[in-house]
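The sequence and the structure come first, and the points follow by topic.

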Amino acid sequence: MSTVASEKGEALIELRNVCVDFRIRSSILKPVSLRALDTISLAVHRGRTLGVVGESGSGKSTAAKVLIGLLAPSSGQIFFGGEEVKKFDAKTRKRIGRVVSVVFQDPATALNSRMLVRDALVDPLQVHGIGDDNSRQRRVSELVSLVGLPQSVLDAIPAQLSGGQRQRVAIARALALEPQVIVADEPTSALDVSVRAQILNLLQDLKRELNLGMVFISHDIQTVRHISNDIAVMNRGKVIEYGPGAQVLGSPSQNYTRTLLAAAPSLLHV
Ligand code: ADP
Ligand code: MG
């Protein structure tokens, strides 16, 4: 292990040489496979934000799915809390669910539109058999305060909330089981420009307050620069640059990274 890695402590999640192949059909109906992740290695540490940036189709969401245990690697190794996971059965997935949670681009993915916010937040606690009715209700109250929402949202359905409020509820739900890591896949891309900075600030505050490891995924390199300690640049399924943000963006070694830097107006300033 390198000195830098040992200073950061043991990784909460680590991918080593992970490949993901998808079976796709060619026009002549012969099975063809597409390598969506090509030998990638990444580590997520407590109290640090790993920014993952790359063009659309570069493999970011596939990497997110592997990091949350939703998708098994075709080859390579994955460690959660220092322990290698080889089979992704129900029991293992449940254990992984206590380590890491995800916030998607569109809060509708995480929230049933007809379910009261209160029920959406109680649900993960029930599924994991945590606490009793009283303690769950207390936890749900805490969660909405934690994400800066009034208690009244508990009795609303997602359709009655604004996009920013819905994303706050999705973040609250992601925090319900007190995970060590949050993976946020383009969490502000579907939101109005006016509320994007608020959601980014909320994620940063939560990371600090709860000492979380965070993976922040975006196609916008300026946002990633703003929020990340470490940065991984992805291109065509590969991690082509990886290291501390200042190093990666201060002296990018790849033309691709320079192109991203030159092309991107910050979403925070548009
Ligand atoms: P990004 O999030 O960076 O836009 P993705 O990880 O979604 O990229 O996709 C990476 C590549 O894998 C793309 O070429 C995409 O079309 C392909 N891909 C993603 N998911 C699947 C799937 N379930 N089946 C087949 N191909 C997929
Ligand atoms: Mg994506």
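A residue is called buried under 20% relative accessible area, exposed over 50%, and partly exposed in between (1.4 Å probe, protein chains only). At 31% relative accessibility, F22 therefore counts as partly exposed. This is a predicted model, in which local features need pLDDT of at least 70 and side-chain atom pairs count only at pLDDT 80 or more, while totals for chains, interfaces and linings use all residues. Residues are numbered from 1 along each chain as its sequence is written, chains are lettered from A and ligands numbered from 1 in the order in which they are written, and side-chain values use heavy atoms, with hydrogens and water left out.

**Overall fold**

- The protein chain contains 10 helices and 10 strands, taken as DSSP runs (helices H or I, at least four residues; strands E, at least two) and numbered from the N terminus.
- Its radius of gyration, taken over C-alpha atoms, is compared with a globule rule of 2.2 Å times the number of residues to the power 0.38. The value is 19 Å, close to the 18 Å that the rule gives for 270 residues, so the chain is as compact as a globular protein of that length.
- Along the principal axes, the C-alpha atoms occupy a box of roughly 50 × 50 × 45 Å.
- Of the 270 residues in the chain, 48% are buried.
- Contact means heavy atoms within 4.5 Å. Among contacts between residues at least 6 apart in sequence, 68% join residues at least 24 apart.
- The accessible surface, from the Shrake-Rupley method with a 1.4 Å probe, comes to about 13200 Å², and carbon and sulfur atoms account for 48% of that area.

**Nonpolar cores**

- A nonpolar core is a set of buried Ala, Val, Leu, Ile, Met, Phe, Trp, Tyr and Cys residues joined through side-chain atoms within 4.5 Å.
- The largest core has 45 residues, and L121, V147, I171 and L175 touch the most other members.
- Apart from this core lies another, of 30 residues, including L12, F88, V215 and M234.

**Surface patch**

- Patch members have over 30% relative accessible area and no salt bridge; like charges are joined within 9 Å and nonpolar side chains (Val, Leu, Ile, Met, Phe, Trp, Tyr) within 5 Å.
- A nonpolar patch on the surface consists of F22, I24, V32 and L34, which together have about 300 Å² of accessible area.
- Strands β1 (13-25) and β2 (31-44) each supply at least two residues of this patch, and F22 belongs to β1.

**Salt bridges**

- A salt bridge requires a side-chain nitrogen of Lys or Arg within 4 Å of a carboxyl oxygen of Asp or Glu; the count by this rule is 11.
- R35 pairs with D21, their closest N and O atoms being 2.8 Å apart. This pair links strand β2, which holds R35, to strand β1, which holds D21, across 14 residues.
- D38 pairs with K238, also with closest N and O atoms 2.8 Å apart. D38 lies in β2 and K238 in β10 (residues 238-244), so the bridge ties together parts 200 residues apart in sequence. D38 counts as buried at 18% relative accessibility, and K238 as partly exposed at 40%.
- D230 pairs with R48, with closest N and O atoms 3.0 Å apart. D230 is in strand β9 (residues 230-235) and R48 in the loop between β2 and β3 (49-54), 182 residues apart. D230 is buried, with a relative accessible area of 5%, whereas R48 is partly exposed at 24%.
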